[in-house]
Amino acid sequence: MMLSPLTIWAAIAAFTVFGLGLAWRATRENTGTAEDYYLGGRSFGGLVAGLSYAATTYSAFMLVVLTGLTYRGGIGALGFELIYFAGLGLLVIFAPRFWLAAKRWGFISPAEMLGARYGSVWVARAAALVGLIFLMPYCTTQMAGIGLLLSGVTGGEISLFQAVATGALLAAIWTLFAGLRSVAWTDAVQAVVMVVSAALAIGFAVAAIGGWGEFARVSMETQSERLSVPGPGLWSLNTFVALSLPWFFFAISNPQVSQRLFILRDMASMKRMIFWVLGFGLIFTLIAVVWGFAALQLAPGLENTATATPALLISGAIPAPVSVLLILGILAAAVSTLDSIALTLAAMVARDLMTDAQPKAQILTGRIVVIFVILFASLFALQKVQIVDQLAALSAAGLMVTVPAIIGAFFWRRATAAGALASILGGAALAVWMAMIQGVSVFNPVLALSVGGACLVLFVLVSLLTKPKAKALDFAAELRADLDKHGAW
């Protein structure tokens with residue numbers, strides 16, 4: 001049973017009005033500085049920051065791509081996502097260091113932090129450029145997810161163009177209004193909508209099957225292959241390594257989430273933020289995987305597994321109001337990730353590619369970049385909607401090139417600007433050459449292992465052959481006292 005487009009548009013309109021109210025309220029808090037626009041004045045507590053982080057990282061990927069991967073390959077999807085979840089443990093080590101460094105030296109973007117550590121504006125520019133290149137596919141994933149969802153649940157009555165345009169408009173408005181403060185406040189509300197709507201929907205889906213006992217029994221009888229490792233073809237060891245390795249480092253390699261570590265007001269807020277992120281992540285991961293197995297029973301035989309969620313929503317098992325609420329949740333998830341990425345890219349362009357610009361020019365430049373990023377992602381999503389899982393994975397593999405430089409920034413004093421630059425640019429060039437020219441699939445571990453290995457070797461060898469710049473900061477020494485004071489590892 002298809003959902004009424006009028007009902008969906010009405011729900012989106014109501015949600016939009018509510019979001020606009022939050023965004024307008026956020027504008028009244030703005031002071032007009034670049035720090036305020038991009039970081040909300042570094043004044044956020046743990047709850048809002050945690051929900052914003054969760055909404056940004058647990059995006060439309062979960063109930064569109066991860067559910068589709070579960071539908072296609074089974075329980076391996078849970079293992080893949082738990083590898084990412086384990087990678088969030090890196091926050092325990094790096095979050096205090098990111099926050100202390102940003103607070104002491106006034107960093108606004110992660111690329112700016114790397115540039116200062118290595119004493120080179122070119123390191124900052126390289127990190128910003130890599131973010132701009134490889135985050136575009138992930139933006140496209142969000143837009144494609146919106147398109148697949150809204151067009152799927154209405155049988156095409158809401159066209160792909162209309163769906164993508166809706167997501168683009170919401171992301172642009174909430175970002176342009178008041179920057180990070182607007183984005184974070186709407187993120188927090190969207191995170192609640194995401195998890196509540198998903199929990200309700202999975203409850204109704206399981207009830208339609210006959211309850212949790214029947215759901216488990218039928219799954220074991222009819223999907224035994226998908227409940228075993230490696231499953232029916234998708235989750236070979238090679239595929240698992242190829243997808244999991246880059247995602248393990250997501251918490252530090254993706255600037256849109258690592259920048260969230262700059263917005264907290266104190267260390268206590270950071271600890272609460274990590275707690276909320278981990279709790280939200282575990283719950284949402286389990287929901288997404290169970291949702292995929294429920295779709296196998298209630299909407300079997302799908303050729304395009306990315307449509308598993310729309311197919312389940314129109315299967316008749318989910319009441320229309322709950323379906324509409326979940327649609328809002330997935331829409332919110334996609335918009336949350338999209339506007340966060342756009343804002344982070346805006347900050348890196350304004351701060352790192354345009355050095356010495358005045359605050360007003362930085363904000364204006366950022367707003368132009370936001371519009372460009374959203375338009376590009378929208379146009380690309382309209383053309384490449386069938387390969388959303390590969391686009392997301394390519395993004396993770398590409399952003400992995402910054403990992404050696406980030407780790408070295410805090411733990412290897414001998415690391416040099418030349419080493420960081422060679423690692424970032426060399427790794428990025430290799431990733432583009434292998435994926436785009438040689439056609440190496442993101443499901444092939446050769447891509448992630450080659451890029452990661454090349455980055456590490458370049459970083460170490462070039463650093464050993466060159467000397468640190470005189471103006472480079474020594475994070476390890478200068479942050480030690482503060483780390484000890486706060487009991488950080």
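A salt bridge here is a side-chain nitrogen of Lys or Arg within 4 Å of a carboxyl oxygen of Asp or Glu. The model on screen is predicted, and by this rule the count comes to 11 salt bridges. The tour visits some of them, then a helix.

**Stop 1: Glu112 and Arg351**

Select Glu112 and Arg351 and show their side chains. They meet in a salt bridge, N to O, at 2.8 Å. Now colour the two helices involved: Glu112 belongs to helix H7 (residues 110-118), and Arg351 to helix H17 (residues 320-353).

Is Glu112 buried or exposed? Glu112 is buried, with a relative accessible area of 18%. Arg351 has 21% relative accessibility and counts as partly exposed. The two labels differ because buried means under 20% relative accessible area: Glu112 has 18% and Arg351 has 21%.

**Stop 2: Glu221 and Arg217**

Move to helix H11 (residues 212-222), which holds both Glu221 and Arg217. Their side chains also form a salt bridge, with an N to O distance of 2.8 Å. The two residues are four apart, about one turn of the helix. An α-helix has 3.6 residues a turn, so residues three or four places apart point the same way.

With the surface still on, check both ends of the pair. Glu221 counts as exposed, at 54% relative accessibility, while Arg217 is partly exposed, with a relative accessible area of 36%.

**Stop 3: Arg265 and Asp266**

Select Arg265 and Asp266. What is the distance between the closest N and O atoms in this salt bridge? The closest N and O atoms are 4.0 Å apart. Arg265 is partly exposed at 46% relative accessibility, and Asp266 is partly exposed at 29%.

Next, select Arg104, Glu478 and Asp482 together. Salt bridges that share partners join these three residues into one network.

**Stop 4: helix H6**

Finish on helix H6, residues 90-105. Draw a line from the first C-alpha to the last: the 16 residues reach 22 Å, close to the 22 Å expected at 1.5 Å a residue.

Then pick out the buried residues of H6. Among them are Leu90, Leu91, Phe94, Phe98, Trp99 and Leu100. The buried set also includes Pro96 and Arg97, as well as Ala95, Ala101 and Ala102.

Conventions. Residues numbered from 1 in each chain as written. Predicted model: local features only at pLDDT ≥ 70, side-chain atom pairs only at ≥ 80, totals over all residues. Heavy atoms only, no water. Buried < 20%, exposed > 50% of the residue type's maximum accessible area, 1.4 Å probe, protein only. Expected span 1.5 Å × (residues − 1).
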